[in-house]
Amino acid sequence: MPFGLTNAPATFQTLMNSILWPYIDKFVLVYLDDILVYSNSEEEHLEHLRLVFDTLRQHQLYAQPKKCTFNKLNVEFCGSIVGQGVTKVLDSKDVRQFYGLVNYYRRFIRHFSMIAAPLSDLFKSEDNDKRKRRPIVWSAVHQVAFEHIKKDITTAPVLVQPDPTESYTIETDSSDFGNGMTIYQEGDDVTWGRVTLPYT
């Protein structure tokens with residue numbers, strides 16, 4: 001099922017929940033096309049896998065072998081490392097989330113591209129092949145860039161309260177569910193001041 005279709009993910013999730021419901025929260029977790037089977041022993045795990053595969057086969061659903069892993073103490077599931085009673089975020093996801101956040105505010109950080117270049121280099125693929133991602137290797141240069149951006153985005157003159165005596169520039173946004181706006185204001189000591197009003 002192409003997940004780009006309207007309601008396709010929700011429909012597929014409903015399908016998976018309906019066919020695997022006897023096992024969910026007992027030894028199975030499902031998120032769309034990711035199925036996590038967990039067990040207390042190797043023997044128990046083989047039995048659980050047999051039950052899941054038999055159920056999928058009965059409903060003419062098949063897993064791609066190259067996307068499956070078996071008998072692992074820790075596995076990646078929905079962007080986290082899960083296993084042995086512990087859940088932790090992938091290091092690469094941490095870096096990507098931080099970069100995505102600060103990239104949204106890049107207009108407030110002078111020379112953002114130059115400062116953040118070591119961080120953006122972490123996401124480059126091997127030999128320009130988008131399917132082969134390099135592992136995240138954090139070094140001193142990345143820590144310096146991280147600390148610099150963190151300092152710049154949390155101190156003046158990056159973000160300040162707007163001055164009610166000066167003029168504003170308003171950008172609006174709307175959807176089927178509400179309207180919102182962002183107020184920008186140019187001042188003497190900042191490039192742009194910003195405050196976001198909630199959707200109403």
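Asn71 lies in the loop between helix H2 and strand S3 of this predicted model, and its phi is near 55 degrees, a positive value in a residue other than glycine. With a relative accessibility of 47%, Asn71 counts as partly exposed, since the exposed class begins over 50%. The loop between H2 and S3, a strand that spans residues 75-77, also holds Gln60, for which phi is positive as well, at about 55 degrees, although Gln60 is not a glycine. Gln60 counts as exposed, its relative accessibility being 64%.

Asn71 is also one of the contacts of His45, a residue for which neighbours within four places in sequence are left aside; the others are Val37, Tyr38 and Ser39. His45 itself is found in helix H2 and is buried, with a relative accessible area of 11%, a value that falls under the 20% limit for that class.

As to the chain as a whole, the protein comprises 5 helices and 8 strands, which follow one another along the sequence in the pattern α-β-β-α-β-β-β-α-α-α-β-β-β. Of the 200 residues in the protein chain, 28% are buried. Among the contacts in the chain with a separation of 6 or more, 33% are accounted for by residues 24 or more positions apart.

Two helix pairs were examined for their packing. Two packed helices are described by the angle between their axes and the distance between the axes. For helix H1 (residues 8-20) and helix H2 (residues 42-58), the axes come within 10 Å and cross at roughly 120 degrees. H1 and H2 are therefore oblique to each other, because the range for roughly perpendicular ends at 115 degrees and roughly antiparallel requires an angle over 145. H1 passes H2 in a right-handed crossing, and the contact brings Met16, Ile19 and Leu20 of H1 together with Val52, Thr55 and Leu56 of H2. By class, the residues of this contact of H1 with H2 are 5 nonpolar and 1 polar, with no charged residues.

For the second pair, helix H4 (residues 112-121) and helix H5 (residues 140-154), the axes lie 7 Å apart and the packing angle is about 140 degrees. H4 and H5 are therefore likewise oblique to each other, but their crossing is left-handed. On the H4 side, the contact is made by Phe112, Ile115, Ala116, Pro118 and Leu119, and on the H5 side by Val141, His142, Ala145, Phe146, His148, Ile149 and Asp152. The residues of the contact of H4 with H5 divide into 9 nonpolar, 2 polar and 1 charged.

In one of them, Trp138 and Phe146 are arranged edge-to-face, at 6.3 Å centre to centre and with 75 degrees between the planes; the arrangement is so classed because the angle is over 60 degrees. Both residues of the pair count as partly exposed, Trp138 at 37% relative accessibility and Phe146 at 21%.

Definitions and conventions: Residues are numbered from 1 along each chain as its sequence is written. This is a predicted model: local features need pLDDT of at least 70, side-chain atom pairs count only at pLDDT 80 or more; totals for chains, interfaces and linings use all residues. Side-chain values use heavy atoms; hydrogens and water are left out. Axes are lines fitted to C-alpha atoms, for helices over the stretch in contact, and angles run from 0 to 180 degrees between N-to-C directions. Helices (H or I, at least four residues) and strands (E, at least two) are DSSP runs, numbered from the N terminus. Angles under 35 degrees count as roughly parallel, over 145 as roughly antiparallel, 65 to 115 as roughly perpendicular and the rest as oblique. A crossing is left-handed if the near helix is turned anticlockwise from the far one by less than a right angle, and right-handed if clockwise. Contact means heavy atoms within 4.5 Å. Ala, Val, Leu, Ile, Met, Phe, Trp, Tyr, Cys and Pro count as nonpolar, Asp, Glu, Lys and Arg as charged, and the others, Gly among them, as polar. Rings of Phe, Tyr and Trp (its six-membered ring) pair if their centres lie within 6.5 Å; planes under 30 degrees apart count as stacked, over 60 as edge-to-face and the rest as tilted. Buried means under 20% relative accessible area, exposed over 50%, partly exposed in between (1.4 Å probe, protein chains only).
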